[in-house]
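Here are a few exercises to work through with the model open beside you. Try each task before reading its solution.

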Amino acid sequence: MLTLACAAAAGAAPPPANVLVTPAGGQIHGGALALDPRRPARLAAVFWDERREQRGTCTIAVSSSGGARWTTHPFAGAGSSNPLPSGMTLCRSAVAAFGSDGALYVAYEAAQLSGFAQVELARSADGGATFGPARPLDPDASGGGDREPSIAAGTRPGRVYVSFQRYSADEERAVIAVVTSVNGGATLSPPVAVSPAEQNAAGSRASLAVDRAGRVYVAWVDGAAVDLDGGGIARIEVASSSAAGASFGDARTVAAVPSGCGPNDDCGNRYPAVTIAAGASGRVVAAWSSAAYPGPARVFSARTIDAGRKWARPTAVGAVAVPDHDQHAPALSVAPDGRLDLAYLEQARDADNGLLDAYLVHSLDGGKTFSPPLLLDGAPSITDRGYFDAAVSVASSNASAFATWIDGRRGNAGAATSDVVFAARRDSNAPAAPVVRGALLVRAGRTATYRLSSRDGFTPAAALRFRCALDGAPLRLCSARFMPRLAPGRHVLRAQAVDAAGNRSPLTRTVVVVLPRATPKPR
């Protein structure tokens, strides 16, 4: 059994054991995670198997127990109700997203052995148990085909967005395109070009996000100025749409970063990879990994509060990178209450044999600062045994952060295999006792107003709830602006903070004295 390596904080319950999602013996890739916003215990992970006899199938694992138990079955390709198009023999690069109404969407590549691929979209109305017919996003795909889909659900039911890279025939250049559906995939918009023609998005998957106002964001890596023989600069680019994906504004450069590539096309984990997440209207965070050859890749982030018109200066996330030990493959997610989760992979204890660990950090201030890194598993994967495509994914509820990653544990001895591993990090620490601000001496007949505040290590301060009571009355939910009616005399106001996971703080007791009404002076 896999176990989490983090030490539980004082008074906190130990984290649950990690779970192997996939059956033993596979050469698994992907593992992209999705969470149902209406039912946070419902999760889905999509993946594919690179064994020769399994390459024509994409598989989904579903859980209705918060990740404690999983069931798997094919959803596209051989063995499913959605066979691949004629001439396509490979199913790969699967991604998934739940809509606001609980519908589950999956997008994936249907590919030929030559590399040419098309992206298809399918919808499930029953949490992934069954899927409707798949639809090609770009029936007229040409050149090198369409690859590397990303997916995001809109704020309205039935609205879903898929981005992909359109590759040239020589596979050396790519542009970003987005397809939109407003009716659950029944019909699809024509592909809308997002990246400028002079840019080159080849080699790194784009990322999609939708903020609460419905604005759509796409992030990608522009490698037009990258010299694979040892130099050049890549650019982290973001464009947004306020027209529900029908058109996109000009791309904005978030950061110019080293390509990471060295002689003989040696890029390794240093070539930039980008992820993006959006919460409240206009508030977006992008994260990426990058490094100058031959230095180690490091994860950075930047944020905007005005829908991408201006971006803050990038800052490094996590621990300082060690020479030859890359941090890479970042993945972002936002909880409904605004907490930002970031997962990434790191070779911090690599001894030149491919040791790989998964880490998780979170931010309670919109990406200004992040928590210390949390190691998600005590034993690393050894990635240099066979073909290993490192990947990590993250999903967020108010009470928990969930992560999946490709793990080579069962391939560390014997035949080289890989799995999807799942970890849940649920908040088990109570908030701080509330601070109560307000008058301690009031006159009867006048309104007494008390403002309550607290802090928590996992729930943003603005999302904390409070319970209040006077004297011997039972505690009940109350507003952070508490305005009780007080009779003359001495009273004890009790207040308690409650976080998103239901953890309750110690009580704060405040003595309030109410003076009788002033007696009018005789004239």
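**Exercise 1.** Decide whether V513 counts as buried, partly exposed or exposed in this predicted model.

*Solution.* Start with the relative accessibility of V513, which is 31%. Next, recall the cut-offs: buried means under 20%, exposed means over 50%, and partly exposed lies in between. V513 therefore counts as partly exposed. Now place the residue: V513 sits in strand β38 (residues 508-515).

**Exercise 2.** Work out which side chains of strand β33 (residues 450-453) are buried, and find the partners of the strand.

*Solution.* Then turn to the pairing. Strand β31 (residues 435-437) runs antiparallel to β33, joined by three bridges, and V435 stands opposite S453. Strand β36 (residues 481-482) is also antiparallel to β33, with two bridges; here Y450 faces F482.

**Exercise 3.** Classify the ring pair W288 and F300.

*Solution.* The whole structure holds six aromatic pairs. In this one, the ring centres of W288 and F300 are 6.5 Å apart and the planes lie at 20 degrees, so the pair is stacked. W288 belongs to strand β20 and F300 to strand β21, so the pair ties together parts twelve residues apart in sequence. As for burial, W288 is buried at 1%, while F300 is partly exposed at 25%.

Notes. Residues numbered from 1 in each chain as written. Predicted model: local features only at pLDDT ≥ 70, side-chain atom pairs only at ≥ 80, totals over all residues. Heavy atoms only, no water. Buried < 20%, exposed > 50% of the residue type's maximum accessible area, 1.4 Å probe, protein only. Helix = DSSP H or I, 4+ residues; strand = E, 2+ residues; numbered from the N terminus. Pairing = 2+ DSSP bridges. Phe/Tyr/Trp six-rings, centres within 6.5 Å; stacked < 30°, edge-to-face > 60°.
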